[in-house]
Amino acid sequence: MNKIKVALFDAKDYDISSFQTANQSIDTVKAPSTEGAGRVEISFFETRLTEETAKLAEGFDVVCVFVNDILSRQVIDALLQGGVKLVALRCAGYNNVDIEYAYGKIHIVRVPAYSPYAVAEHAMAMLLTSIRRIHKAYQRTRDFNFSLSGLTGFDLHGKTVGVVGTGKIGRIFIDICRGFGMKILAYDKYPADDLYVEYVALEDIWRRSDIISFHCPLTNENHHMVDEHSIALMKKGVVLINTSRGALIDSEALLQGIKDRKIGAACLDVYEEESDVFFHDFSGHIVEDDTLARLISMPNVLVTSHQAFLTREALSNIADTTLNNMEDFFTKGFSTNEICYKCANVGKCTRTHKEKCF
Ligand code: NAD
């Protein structure tokens with residue numbers, strides 16, 4: 001078979017370098033028509049995949065995309081017209097893909113796990129930074145200001161953490177919290193029977209937790225699960241950590257909760273309108289998103305721009321698994337990492353072990 005031709009969208013320097021390494025000695029260009037000596041033939045496009053840019057994928061077998069490339073009906077139709085057969089997500093979450101519309105038309109593969117440690121450790125890094133005021137202390141001491149005023153934190157030991165989603169990342173976060181001597185409460189739509197943890201109703205997570213960390217996928221049913229109603233149930237001073245997907249939290253309600261002094265701190269690696277800003281350098285520009293600007297201006301809000309996955313280990317696993325997914329799909333005829341809307345509704349996909357979803 002001819003080499004698989006891949007159009008990799010939203011390519012950043014770290015994507016190019018990790019995919020180059022995984023693909024071995026291919027040429028690097030940030031433009032189409034890369035001839036390479038690697039496992040597959042990759043063209044790197046800096047642009048995101050959109051309705052307008054989908055034309056660039058014409059003649060490619062695969063488009064490889066990340067979290068903010070939106071695979072709408074229109075984009076899927078444009079890809080099909082251009083002869084694309086496979087969408088290879090280089091991420092775990094797939095809320096950016098209309099998987100129901102894609103079913104029967106174009107196959108979708110993803111990287112279900114690349115380094116759950118990267119994300120869980122980042123969640124804890126954000127929590128510690130926030131509650132021990134490390135980001136403030138760093139700025140002060142660089143300015144030779146050695147005052148401690150306003151830097152009082154609190155112990156994690158003995159505090160109750162509510163973990164929403166006890167999959168790969170949530171479990172590791174639970175282990176890390178146990179190491180700190182914290183009490184754990186968990187909520188999962190599909191509780192695991194091999195996890196020694198106290199599962200409670202979501203309402204109990206809101207009511208009983210000092211800290212709440214989100215590790216579940218974004219779905220239609222949990223969109224804005226943190227809103228004015230759930231915030232009203234939370235403890236005063238609660239700390240929220242979101243490394244999952246931005247739209248789990250209603251940003252306006254979060255802002256109000258902070259202004260009301262109800263929410264003690266928010267650690268946000270994701271934001272519901274992030275696709276317009278995250279991953280880009282807007283320093284020196286006027287940020288149009290007033291809610292984001294106001295959140296960032298708050299002393300108790302810490303924002304990182306969807307950075308939790310960004311470790312050397314994760315990038316290498318993402319590139320390896322993505323290339324394996326493509327090769328499996330075209331050579332073996334299936335990939336175990338294929339997803340469809342039936343897979344997403346647990347147990348409804350009829351795929352047996354060694355076949356495509358449709
Ligand atoms: P996973 O599939 O292993 O676990 C997700 C868990 O959430 C499962 O146990 C599932 O039963 C549960 N769940 C599903 N729907 C739920 C609901 N409505 N309410 C509560 N729980 C629900 O996934 P994972 O690898 O642990 O990743 C979790 C999420 O982290 C991903 O969906 C993704 O959105 C996010 N993520 C973020 C980054 C980042 O860089 N910030 C990187 C990777 C993943």
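In this predicted model, a polar side-chain atom of Asp188 lies 2.6 Å from an oxygen atom of the ligand. A polar backbone atom of Ile169 is 2.9 Å from an oxygen atom of the ligand, and a backbone N or O atom of Thr243 lies 2.9 Å from a ligand nitrogen atom. Taken alone, the ligand exposes 860 Å², of which the protein buries 88%.

The protein chain contains 12 helices and 13 strands. Its radius of gyration is 21 Å, close to the 21 Å that the globule rule gives for 358 residues, so the chain is as compact as a globular protein of that length. Along the principal axes, the C-alpha atoms of the chain fill a box of roughly 65 × 50 × 35 Å. Of the 358 residues, 50% count as buried.

Helix α4 may be examined in detail. This helix covers residues 116-131, and at 1.5 Å a residue its 16 residues should span 22 Å; the C-alpha atoms at its ends are 23 Å apart, which agrees with that expectation. The buried residues of α4 are Pro116, Ala118, Val119, Ala120, His122, Ala123, Met124, Met126, Leu127, Ser130 and Ile131. In an α-helix there are 3.6 residues a turn, so residues three or four places apart point the same way. Among the buried positions of α4 are Val119, Ala123, Met126 and Ser130, a set that can be followed along the helix in the structure. Just after α4, the backbone at Arg133 takes a positive phi of about 60 degrees.

Two other residues have positive phi values, and each lies in a loop. Phe144, although not a glycine, has a positive phi of about 55 degrees. Its place is in the loop between α5 (134-142) and β6 (160-164). Because its relative accessibility is 68%, above the 50% cut-off, Phe144 counts as exposed. Arg261 is likewise not a glycine, and its phi is positive at about 65 degrees. The loop that contains Arg261 runs between α9 (251-259) and β11 (263-268). With a relative accessible area of 60%, Arg261 is exposed.

Ile106 is found in the loop between α3 (99-102) and β5 (107-109). Its relative accessibility is 1%, and because buried means under 20%, Ile106 counts as buried. Ile106 and Asp276 are 170 residues apart along the chain, and their C-alpha atoms are separated by 26 Å. Thr47 lies in the loop between β2 (41-44) and β3 (62-65). At 31% relative accessibility, Thr47 counts as partly exposed. Between Thr47 and Lys12, which are 35 residues apart along the chain, the separation of C-alpha atoms is 9.6 Å.

Technical notes: Residues numbered from 1 in each chain as written. Predicted model: local features only at pLDDT ≥ 70, side-chain atom pairs only at ≥ 80, totals over all residues. Heavy atoms only, no water. Polar contact = N/O pair within 3.5 Å; in protein donor to acceptor, adjacent residues only side chain to side chain. Areas by Shrake-Rupley, 256 points an atom, 1.4 Å probe, with all protein chains shown as cover. Helix = DSSP H or I, 4+ residues; strand = E, 2+ residues; numbered from the N terminus. Expected span 1.5 Å × (residues − 1). Buried < 20%, exposed > 50% of the residue type's maximum accessible area, 1.4 Å probe, protein only. Rg over C-alpha atoms; globule rule 2.2 N^0.38 Å.
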